[in-house]
Amino acid sequence: MAYGWGVRSRPAEDRRAELVALYRELSGEHACPLMAHRTQIVFGSGNADAQLMFIGEAPGAEEDRRGKPFVGRAGKLLDRLLEEIGMSREDTFIANVLKCRPPGNRDPLPEEIEECSPYLFRQVALIEPLVVCTLGNFSTKLLTGEPTGITKVHGRPQTRELGGLTVQLYPIFHPAAALRTDAVRELLREDFARIPGLLEEARSRAVPPAAAPELGPGLPKDEAPPAGSGAPEPPQLDLFE
Ligand code: URA
């Protein structure tokens, strides 16, 4: 069954704990064809209870080095565009289709997408965003399930069911493409300007709290991750606020 707009299935702290568990699972068991090439997995980062998610393609060299998505030039543009609409990374969760860097930044292969995409769908299901922005062709085609490219569908919100959740899917150009071409940068900026309105619209459609399942309080930013089994904490847990 798909959850309706804005209905949180479980308290934020439970979903965050499961996101941490998913990160541990992925770090330990991910039988990725790219394992030999990567430095570390790049799980994603940001607010585990975000209403807005961005989904890129795959980590690049800088992301592979630092273990965090969009920390290179494309990421700086993403930060700037967020700032222009009065938001920041802390308001979002940013992830990629692939969690490992393809060698030489080549395009993801179908078998790599097949291996990695169940983790992405589980991330979406746990974060329970209202709006999911796909950045560029790979994430857009994966999440729409259609072959239509980003040039045709960018800036057109679509209501979709993802990970058992009804969301507004909003395909936009990849910031790396916007860095290469001024015209694409302007289109991306225009598409970005609609994000606050889409969030507002989605919130207004959300089921009022009285009618929704019980909500947990938001997590304080500096809250320590849930206690584990006593094993040393993996290094990326501070990525989830
Ligand atoms: N490009 C992506 O698609 N993802 C990143 O994390 C960085 C660059």
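A backbone N or O atom of Ala58 lies 3.0 Å from a nitrogen atom of the ligand, which is a polar contact in the sense used here (a pair of N or O atoms within 3.5 Å; within protein, one must be able to donate a hydrogen and the other to accept it, and residues adjacent in sequence count only if both atoms are side-chain atoms). For Glu57, a backbone N or O atom is found 2.7 Å from an oxygen atom of the ligand. A polar backbone atom of Phe70 is 3.0 Å from an oxygen atom of the ligand. The residues around the ligand are Gly56, Glu57, Ala58, Glu63, Pro69, Phe70, Asn96 and His174, where a residue is near a molecule if one of its heavy atoms lies within 4 Å of it.

This is a predicted model, in which local features need pLDDT of at least 70 and side-chain atom pairs count only at pLDDT 80 or more, while totals for chains, interfaces and linings use all residues. Residues are numbered from 1 along each chain as its sequence is written, and side-chain values use heavy atoms, with hydrogens and water left out.

The aromatic rings come next. A pair of aromatic rings is described by the distance of the centres and the angle of the planes. Rings of Phe, Tyr and Trp (its six-membered ring) pair if their centres lie within 6.5 Å; planes under 30 degrees apart count as stacked, over 60 as edge-to-face and the rest as tilted. By this rule there are 2 aromatic pairs. Tyr23 and Phe43 are edge-to-face, with 5.5 Å from centre to centre and 75° between the planes. Tyr23 belongs to helix H1 (residues 12-29), and Phe43 to the loop between H1 and strand S1 (45-46), 20 residues apart; helices (H or I, at least four residues) and strands (E, at least two) are DSSP runs, numbered from the N terminus. Both Tyr23 and Phe43 are buried, that is, under 20% relative accessible area, whereas exposed means over 50% and partly exposed in between (1.4 Å probe, protein chains only). Phe54 and Phe192 form a stacked pair, at 5.7 Å centre to centre and 10° between the planes. This pair links strand S2 (residues 52-56), which holds Phe54, with helix H8 (residues 182-193), which holds Phe192, 138 residues apart.

Which residues touch the most other members of the largest nonpolar core? A nonpolar core is a set of buried Ala, Val, Leu, Ile, Met, Phe, Trp, Tyr and Cys residues joined through side-chain atoms within 4.5 Å. Of its 32 residues, they are Leu19, Phe43, Met53, Ile55, Phe93 and Val132. H1, S2, strand S3 (92-96), helix H4 (110-127) and strand S6 (165-172) each supply at least two residues of this core, and the largest share, 7 residues, comes from H4. A second, separate core of 29 residues includes Tyr170, Ala177, Phe192 and Leu198.

Helix H5 (residues 137-144) has Ser139, Thr140, Leu143 and Thr144 as its buried residues. These residues lie on the same side of H5 because they cover an arc of only 115° around the axis, the arc being that of the directions from the helix axis to the C-beta atoms. After H5 comes Gly145, whose phi is positive, near 70°.

Gln158 is located in strand S5. Because its relative accessible area is 15%, Gln158 is buried. The side chains of Gln158 and Arg160 are joined by a polar contact of 2.9 Å.
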